[in-house]
Amino acid sequence: MNATMTAFGLVLAPILPLLLLLFWCVPALRPRVEVLTPWAAVPAVLLVLFGETGMRVELSWLLFGSALAMDTLTRVFLAFTALLWLGAGLYSQGMLVNDERAGSFRLAWLATMAGNFTLLLAVDVVTFYVGFALMTFAAYGLIIHSRDPEALFAGRVYLIMAILGEGLIIAGLLLAASRTAAPLAAMLADIPAAVMDAPYRDLIIACFFLGFGVKAGVPLVHMWLPLAHPAAPTPASAVLSGAMIKAGLFGWMATLPFGLVALPQWGLGVITTGFVAAFGGALIGVHQRKAKTVLAYSSISQMGLITAGIGAGLYQPALWPALAPALALYAFHHGLAKGALFLGVGVANQAAAHWRFGLWLALALPGLSLAGPMVSGAVAKVSLKIVLEAGIATPTWWRYLPLLLSLAAIGTTTLIARYLWLLSQSEPRAKISGIQWLGWGLLLAVSVVGLILLPWVPTISGIPPDPIYLPDLIWPVLVGLVLAVCASRFLRSWPVPEGDLIIVFPMAARGVWNFLQYVLLKVTHFFIWRRQIRHQRKSVEADTRLERSDVEYLLRRNAALVFALLLAVGLIASILNP
Amino acid sequence: MDGQTLLPVAVVSTSFLAAIGIFLLREHRHRLRGIFNLTAALVKLALVVWMQFGVLAGIPYEFRFPLVQGVHFILRADALGIMFSGLSSVLWLFTTIYAIGYLEDSPNRSRFFGFFSLCVTSTVGIALAGNLFTFFLFYELLTLSTYPLVVHRGTEKALRAGRVYLIYTLCGGAVLLLGVAGLHGLVGDIEFAKATVLPSLAPEYSPLLIVLFMLLIAGLGVKAALLPVHGWLPIAMVAPAPVSALLHAVAVVKAGAFGIVRVVHDVYGVEFAWRLGVLEPLGWLAGATILYGSVRALSQNDLKRRLAFSTVSQVSYVVLGLCLFSPVALAGGLVHLVHQGLMKITLFFCAGNYAETLGVHHVDELDGTGRRMPATSIAFSIGAFGMIGVPPLAGFVTKWYLGIGALEAGAGWVIVVLVASSILNAAYFLPILHRIWFRPQVSPWPEEQFLSHRDTHPWLLLPPLITAGFCIAAAVFAGLTFSPLHWAEVVVTRGGLP
């Protein structure tokens, strides 16, 4: 594809969903838009497949001067994001056939997609934030699609956390952008260096880590995930878990000062947080009773591993050049596998019984990939492990990181086992249509073999799936399976609620709110003296209205004449005035 | 007398002439009155646009004549004045269209539109006033011409609101007069230009200048709804929707904010005011007002009252930007004069539409309005997201400039205020949007009128849609010439701040 086509694609990928959204508002065009909605991700897919990296489109008239571009990292992110939106979009098309709120779902879908693509392709900070905010707010419409109490509660939790996250992100962006050469039109690429030199470096890093962490499922700001995923419709869960979570990761990778400065404290803290999420997610997840909740905790767990990788990058800047692609590959692999697994929940409810076993096996493929020994998963896992092993140097605890990765794979395996078991228990429901099969099949295929088949994926030297890594990948799975079988025989699951810690929050929030209200009330009582006036003046006669139009007219005429006189005097004075 | 002299007078007097004409019309001549109104609004807009090009090219438009020895009546178009008069003439046009639709078949329309035009006359007079005296003249005229609009409904509640409004603004006016007279006694007639007079005074006058500054700000702060003297604004929202819209977006509140800009920027000069040490406390006051207004807005169930507290909060962004002593923040504050106007007028138009079409006045009655009135609801959502500061909408531009400017000036606390205010704005606007879009209608509308089967009467629908479009355009095309942001930057450059 030549440069012109790439430029066209760069603009079209984020704009097309928005255009469709506008066209939807015209009733005559609505049926066409409905057919086209899932295909709105196609320009992005084509851009990934055929576009040129390094090409940059300047839109200097837009905002404070906007620009779009695609580099190698963006390309990997855009690849799985676009594929997910396409696959899940096709699936949603079948799901929405008899849905009375299909229109509202499609609008939210298109807006979230546009935001997601924009933030990936943005070159400047403002455009990036535009995309991020659009995605954040529009996703609310996806989460609460069913409008039942669980969905509304999940939506509320999501929105509160997301807005706090947005606040932290904008604070971080402002603090960082003000240290760049052109603060008002800061480029995203200049942010890490600005953060490194900034006087409030730790504050900025904290803002970014937590702000983007809301999306990425960092512990303590992760609660929306296990609530939103089971409540949202299946294709929405797929993109939330596959694409939107990764936007948080993308935010970290774009803004934190990787490879520039060693931040051992941050590194250690983030690595610890990551593994807490990885193991905590698995521990809580295996006790869940809904397949989608299990997957949500699996996402938290997987993002925990990625977070640990982020921490490693902060700890050892020298690792970053190799670590960044490894993390991107991991995100690619997890995003697509998770998408296939989520859509699998819908597919598994398929009625035909003789199909069921084969279907179940097909569902297990992305699960196996997630745990390690399938093509894509193997590439991703081995890449991350090799990079982390390369970093074994100073602290002794570092040498245990690869082992921890393997142990986490045990947790992943048990989660997947739990998921498959829950699916096999589920009641068959309505049939799904051809287009839904197509969407799921697409994601299934790319999630299992995508990483070696897609030609533009950057390869890390020495990591074509080599049999020597096989034992390393297989033993955690075997241990996990044994554990899962034992557990299903001998243990009963604990009733851990979805969203775990969230139950603490309403109580705490109510306490704080009551206290605040009490303080506010006292303060207001103190300041607002006019309340007393209001009580005293109750007995003012009710109707002092000037109703008779004659009196009105005379009054108005007199007023008009006075004004006219004033004007005349003014004019005369001004004319006489030299 | 040539064009350069007459143009400012012409701009002010178009709406004045319209007021006279409308007062003379009999009540039932609504068509003629409509023509009067719209022609005047269009002519004024055309004249302002003409002057805009002229000012950009550096042509001085000035009209002056001496009233008594040493006191001049001056109308002058500088960049700041043009920005404000541009805003008021654009919004006057849309508010007039809206008001014609809104007040269809209601009594006393001649009185209403007459004072309405008079109100705009005073606003444009305030914008183009060339010295403190002329400014004060129009400022007081504004108080008097808005009173009949606030009490237009004539109900007990409206009359009480009018009384509170008068007490507040007349007291404010008296304090302002004290300040103006004090300055006059000190240095004579003070013209709005590059502030050179006051900075050149001997240092022993500084305490006096500080006192006078406090008087001026206290007087102007009443209309700008700064913290301790904001009380009239939420009460005055009983006025009809077009009045509230104009009051909150351009006329009264903005006149106060604009006055503060004039005093700081053109009378004292930002640099001198900074040296006097009066800006920092004012900035803190503005920050406190921003948070206070947002917190109070949270608990209001009356839609217009919630919007009123939101105005209390948002107008202080202008003052905050002025006080940070950074050109970028100053541009952010100035541009918010326009941005807040666009967003808030959209919101009030929409609130009026809900009230007029469905009889919905309270937040908890809004369930399902999105389905019944989609276009109005889209406009409302754009205004609300703009207020929160979500890009790419007008409010974001302000927030970005204020934030970057504050950091340049080393005022990190402003970031906390901005972020907290955004979160609070989200906390009181998003529940409204949730009700509008995502909840089904539960009970029949309180008083439904079938103004149109799709949404509402076109005269009521068009203005909010257009102003909502402006809210988007002001941010999306912020970099282009003639965007509000560009004008704010012109004002800042010509003001000669370092």
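**Salt bridges, a helix and the nonpolar core**

B:Asp367 is buried, with a relative accessibility of 7%; buried denotes a relative accessible area under 20%, exposed over 50%, and partly exposed in between, computed with a 1.4 Å probe on protein chains only. The model is predicted, and local features therefore need pLDDT of at least 70, side-chain atom pairs count only at pLDDT 80 or more, and totals for chains, interfaces and linings use all residues. Residues are numbered from 1 along each chain as its sequence is written, chains are lettered from A and ligands numbered from 1 in the order in which they are written, and side-chain values use heavy atoms, with hydrogens and water left out.

The side chain of B:Asp367 meets that of B:Arg439 in a salt bridge, at 3.6 Å from N to O. B:Arg439 lies in the loop between helix H18 (413-438) and helix H19 (458-476) of chain B, and B:Asp367 in the loop between helix H14 (327-358) and helix H15 (369-372) of chain B, so the pair ties together parts that are 72 residues apart in sequence. Helices are DSSP runs (H or I, at least four residues) numbered from the N terminus. B:Arg439 is partly exposed, at 34% relative accessibility.

Over all chains, the whole structure holds twelve salt bridges, each defined as a side-chain nitrogen of Lys or Arg within 4 Å of a carboxyl oxygen of Asp or Glu. One of them joins A:Glu34 and A:Arg106, at 4.0 Å from N to O. This pair links distant parts of the chain, with A:Glu34 in helix H2 (residues 30-36) and A:Arg106 in helix H5 (residues 102-121) of chain A, 72 residues apart. A:Glu34 is partly exposed, with a relative accessible area of 28%, whereas A:Arg106 is buried, at 7%. A:Arg56 forms a salt bridge with A:Glu58, their closest N and O atoms lying 2.8 Å apart. In chain B, a network of salt bridges links B:Glu62, B:Arg64, B:Arg76 and B:Glu191.

Helix H12 (residues 279-298) of chain B comprises 20 residues, which at 1.5 Å a residue should span 28 Å; its end C-alpha atoms are 29 Å apart, in agreement. The expected span is 1.5 Å times one less than the number of residues. Buried residues of H12(B) include B:Leu279, B:Leu282, B:Ile290 and B:Arg296.

The largest nonpolar core has 371 residues, and among those touching the most other members are A:Tyr419, B:Leu183 and B:Tyr268. Such a core is a set of buried Ala, Val, Leu, Ile, Met, Phe, Trp, Tyr and Cys residues joined through side-chain atoms within 4.5 Å. Apart from neighbours within four places in sequence, B:Leu183 is in contact with residues including B:Leu132, B:Ile190, B:Val267 and B:Tyr268, contact meaning heavy atoms within 4.5 Å.

Terms used:
Helices (H or I, at least four residues) and strands (E, at least two) are DSSP runs, numbered from the N terminus.
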